[in-house]
Amino acid sequence: MENSEGVKIESTVVTEEPLISALDIALFVVIITVAYFWYFKRDKQPSSSEKKPYTIQPSSLSSIEQTSNSSFIKKLKSTGRSLVVFYGSQTGTAEEFAGRIAKEGARYKMKGMVADPEECDMADLVEMKEIQKSLAIFCIATYGEGDPTDNAMDFYEWLQNGDADLEGLNYAVFGLGNKTYEHYNEIAIYIDQRLEELGATRVHEIGLGDDDANIEDDFVSWKEKLWESVCSHYGIEETGEESNIRQYKLVDCSEVLPERIFSGEISRLKSYENQRFPFDVKNPYLSKIAVNRELHKSGDRSCMHIEFDIDGSKMRYDTGDHVAVYPKNSSELVDKIGELLNADLDAVFSLLNTDEESSKKHPFPCPCTYRTALTYYLDITSNPRTHIMKELIEYASDPKDQEKLKLMASSTPEGKKEFHEWILRDNRNIVHILEDLPSVKPDLDHLCELLPRLQCRYYSISSSPKVYPKSIHITAVLVNYTTSTNRVNKGVATNLLAQLIPTNDELPQPTIPIYIRRSQFRLPPKSQTPIIMIGPGTGLAPFRGFIQERDYARKEGREIGEMVLYFGCRKKDEDFIYENELQEYVANGTLTKLHLAFSRDQPEKKYVTHLLEQNADELWNIIGEKSGHLYVCGDARSMAKDVHSIIVKVVMEKGQMTNSQALNYVKKMEQQKRYSADVWS
C-alpha cells in the first residue's frame, strides 16, 4: 500500500542504501536453488544402498507406463513378433480368449502378444504391413445396448471418426455377445466390417460367440478354423508342438515386508486404508453398509434392500446408473482348495510374466498370499473352460482321470458332449472338479494362473440422488440353488451381502468396495413426458429411483407426466417388494397407474405381459399419441423379448401399420431413447 508513511520509508532507503538489497538476496536464492536441482537431481538414479526392499507392483499401469508402452508396433518389431491379439473385455472373458490365441501362435511360428487397445495407439495399425507375415486379431465383447467395452471405447470411436489407410493389415475378429440381447455382437460386427472398409484384409471370417449358449464351444470351433485359414493365407504349417507353456513364473516372496503385500486391493497397495478420489473400476470406494433389510414377507426365498453409505466420498450418481460391488469368495471354498491340494494358503508368492515385454506383469495384484488370491482375485465358483481341463491333464495320476480330462479338452463331438454334461449341466466349479477327480493335484501357483479373475457384480441403483444424495440403494435376490450332484451353489456377491448386517453405532460397520458405472437408462429430460415402466421382480429396482425422482419434482411444484408401472411377482403376500411405498405413490398421484400381476395367486399363471396385452389402448395412448417413453428392466431371455413382441403388435393394431412399419416405428423409438431396456440373462 502506498501512504504517507510509505513515502517516508522509501526516502530513508534512498539515503541509507545497504550494500545488498532484498531483491539481490531473492535472486541469489533462486539461482542457487536452480543450480542445486540441475546439478544434483538431473537424471540421478538411486544407488544400490538407496533402493527400497524388493517389491512387486500391481498389474495396473501408471499413466507414464501407458505412454511408454503405447506403441505396440515398436514392441512387435523389437521382440520379433508378428501376431498381436487385442481384447475388448468387460468381464475378463475376451482377455482370456486373447491370451489363449497369442499362446497358440507359437505352434504356427507366429510369436504373439496380447494388447489392451486402451493402452495402445491404435493408429499404429497402419504400420502393421511393415512386419512380415503379421496378423492382428480382435477379441471384442459387446455389452449393454450395443455398447463397446470401456477399454475398447477409444478404438471404436477412432474407427468411426477416422479414415486411416489400413491396406496391408491382415486381421480376424471374434465377438463375444449374448443372443438374448437385441444388439447381439454389434460391436464386433462393426469392427470387422469397418476394418475391411479401411482397406484391411480379412484372413478369417468373423466368429460370433453366444454366452447364452456355450461361448467356449463357439470360441474353440472358431479358433480351430482360424488357424487353418492362417496356415493357408501365409503358406505355413503347424509345428505340432502341444506343450503347455506357462505364461507366469512363480516367485517366492516370503521375505517381502508385510506392508508391501496385497490383501485384497484391486490395484493400488493399501488403497482401502488410504482412500483417494476419484473412485472407479481400479480404485473402488470402501462403502459402509448403512441398511440391510429383508423385503420378502414370507416364503423360502430372500430379497435384500441394501443401502451403501457414500457420504464424504464425492461420488455422484444419476437415476438409472449401476453400482459395481466387489465380492469375495467364501472361506469355506478357499479352505477346501487348500485342503484338497495340501497347500499352505498363507504362503506369500507372486506370479511374474515370463514375457518381459508384456505390460501385464502379473495376473492379479502381487505379492499376496494364496488365501488372498483365492478369496479376492480368482473366480473359483464359475464353470472352468476347456483350456483348464487341458492344463490339468498333466497333474492327473490316475489314467481314468487323465482320459476324462483329455476327452473334455478335445473338440470332438464326444468331448463337447462330455464337457457340456459334466461341467455345464452339472454346474461343477474347480472345487468340485478337484473333489470328483481326486488324483488331480495341480500346483497351486499354476492353478492361480489358470483361473479367471473374480469380477465385480453390477446392480441397478434403486434410488434417486435427488432424494438420497448420500447413499446408493440396491435390490438383490439371494442366490442359492442345488445342482444335479446335490451340491449347494451360492451366489458370490449376494451371499456376502447377506452377511453384512449393520450393527449399533458403537461398533465398526461392515464395508464393501463399490464404484458407479454410468448408464444410458435415463428418465426423459422433461418431467412432463409420460412414461411406462415394466419391471417384474427385482426389475423394479431402477423404477423405484425413477418414481422417487418424479415425486421429488412434484413436491417442488413442477408438472410431472403420467407414470404407469407394471410389476409382477409370485405371490402378493410373499414377495411384493416395496408394496407400501408403491401404494403411497399411487395415493399421492405420482404414480398414475400400478398394474400388478401375481403369477401364483390363482390357478392360471398371470404375468405382466398378459396385462400389457390387455391394456393395448393405454399403451398406444402413451407411446404413440403422446410420444411417451417405455422402459423395460429384468430378464432378457424371455420377459424382455415377449414385451418387445407385444409392443410391435400393439403398434401394428392401434397405429394401423404393417409389420415392417411397426418394427421400424419401434426401432426409431429405440434410436430416440424412447424405448430403453436394462436387462440381464
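D426 and R428 are both buried, where buried means under 20% relative accessible area, exposed means over 50%, and partly exposed lies in between (1.4 Å probe, protein chains only). The side chains of these two residues, D426 and R428, also meet in a salt bridge, with N and O 3.0 Å apart. Here a salt bridge is a side-chain nitrogen of Lys or Arg within 4 Å of a carboxyl oxygen of Asp or Glu.

You are looking at a predicted model, in which local features need pLDDT of at least 70 and side-chain atom pairs count only at pLDDT 80 or more, while totals for chains, interfaces and linings use all residues. Residues are numbered from 1 along each chain as its sequence is written, and side-chain values use heavy atoms, with hydrogens and water left out.

## Salt bridges

How many salt bridges does the rule give? The count comes to 43. One of them joins D192 and R202, again at 3.0 Å from N to O. D192 lies in helix α7 (residues 186-197) and R202 in strand β6 (residues 201-202), so this pair ties together parts that are ten residues apart in sequence. Helices (H or I, at least four residues) and strands (E, at least two) are DSSP runs, numbered from the N terminus. D192 is buried, at 6% relative accessible area, whereas R202 is partly exposed, at 29%.

K572 and E579 form another salt bridge, and their closest N and O atoms are 3.0 Å apart. K572 is partly exposed, with a relative accessible area of 30%, while E579 counts as buried at 15%. Elsewhere, salt bridges that share partners join K336, E339, R425, D426, R428, E435, D436 and R487 into one network. The D426 and R428 pair from the opening belongs to this network.

| Salt bridge | N to O distance |
|---|---|
| D426 and R428 | 3.0 Å |
| D192 and R202 | 3.0 Å |
| K572 and E579 | 3.0 Å |

## Charged patches on the surface

Which residues gather in a patch of negative charge on the surface? They are E118, D150, D154 and E157. E157 is found in helix α6 (residues 153-161) and is partly exposed, with a relative accessible area of 36%.

A positive surface patch is formed by R570, K571, R600 and K605. K605 lies in the loop between β21 (593-598) and α20 (608-614), and its relative accessible area of 44% makes K605 partly exposed.

Some rules stand behind these patches. Patches are made of residues with over 30% relative accessible area and no salt bridge; like charges are joined within 9 Å, and nonpolar side chains (Val, Leu, Ile, Met, Phe, Trp, Tyr) within 5 Å. Lys and Arg count as positive and Asp and Glu as negative, while His and the chain ends are not counted. Each charge is placed at NZ of Lys, CZ of Arg, CG of Asp or CD of Glu. The accessible areas come from the Shrake-Rupley method with a 1.4 Å probe, and for residues only the protein chains shown count as cover.

## Polar contacts

E549 sits in helix α17 (residues 541-555) and counts as buried at 18% relative accessibility. Its side chain makes a polar contact with the side chain of T319, at 2.3 Å. A polar contact is a pair of N or O atoms within 3.5 Å; within protein, one must be able to donate a hydrogen and the other to accept it, and residues adjacent in sequence count only if both atoms are side-chain atoms.

T590 is found in the loop between α19 (579-587) and β21. Is T590 buried or exposed? T590 is buried, with a relative accessible area of 0%. The side chain of T590 makes a polar contact with the side chain of D551, at 2.6 Å.

F219, in helix α8 (residues 215-234), counts as buried at 0% relative accessibility. F219 and L176 are 43 residues apart in sequence, and their C-alpha atoms are 8.9 Å apart in space.

E356 is found in the loop between β12 (348-353) and β13 (368-369), and counts as exposed at 70% relative accessibility. The C-alpha atoms of E356 and T79 are separated by 9.9 Å, although these residues are 277 apart along the chain.

## A covered helix

Helix α21 (residues 616-625) is mostly covered, with seven of its ten residues buried. Those buried residues are A616, E618, L619, W620, I622, I623 and G624. After α21 comes S627, whose phi is positive, near 55°.
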